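User: I would like to go through this model with you, one question at a time. Please define each term as it comes up.

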Amino acid sequence: MEPIHFLDEPITVHFEMPPVREKLPPCPDGFTWREREYHVTDKLSEWSDFTRRGKMARNMRPAHAAAASTRGSLNVGRFYFRVRVDTGQVFDIYYDRAMKDIDHRKGEWLVYREMAE
């Protein structure tokens, strides 16, 4: 698959059963993006990235950083899902655990890119 549009825009996700852990979410059942509802028909793949970015990359001892790179740490990590939606489109979406500010502590969901099959 090849990316055809890079988007990186916020979405609102929907779960039939709310996740047990908000910061360790499963693939959502659907999402709203640009005021349109999308239903996930297939989860094609999933992966995670626990890379520490910016100042977060320098604030941990090397031994702790090695452990955190495999499981994440507070406010660090992204969970990606490649999904097919009811329109037939394929998107990569992700949950970013980073706290944006005091009012947005839980992280956010984004649509990363649209893929061509």
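User: Which residues line the largest pocket?

Analyst: This is a predicted model, in which local features need pLDDT of at least 70 and side-chain atom pairs count only at pLDDT 80 or more, while totals for chains, interfaces and linings use all residues. Residues are numbered from 1 along each chain as its sequence is written, and side-chain values use heavy atoms, with hydrogens and water left out. A pocket is an open set of points on a 1 Å grid over the protein atoms alone, where a 1.4 Å probe fits, with protein on both sides within 12 Å along at least five of seven lines, and lining residues have an atom within 4 Å of a point. The lining consists of Ile-11, Thr-12, Val-13, Phe-15, Pro-19, Glu-22, Pro-25, Tyr-95, Lys-106, Gly-107, Glu-108 and Trp-109.

User: Which strands each supply at least two residues of that lining?

Analyst: Strands are DSSP runs of E with at least two residues, numbered from the N terminus. Those that each give the lining of the largest pocket at least two residues are strand 2 (12-14) and strand 7 (108-116).

User: Which residue in strand 4 is the bridge partner of Gly-30?

Analyst: Strand 3 (residues 30-33) and strand 4 (residues 36-49) run antiparallel and are joined by four bridges. Within strand 4, the bridge partner of Gly-30 is His-39.

Methods
Pairing = 2+ DSSP bridges.
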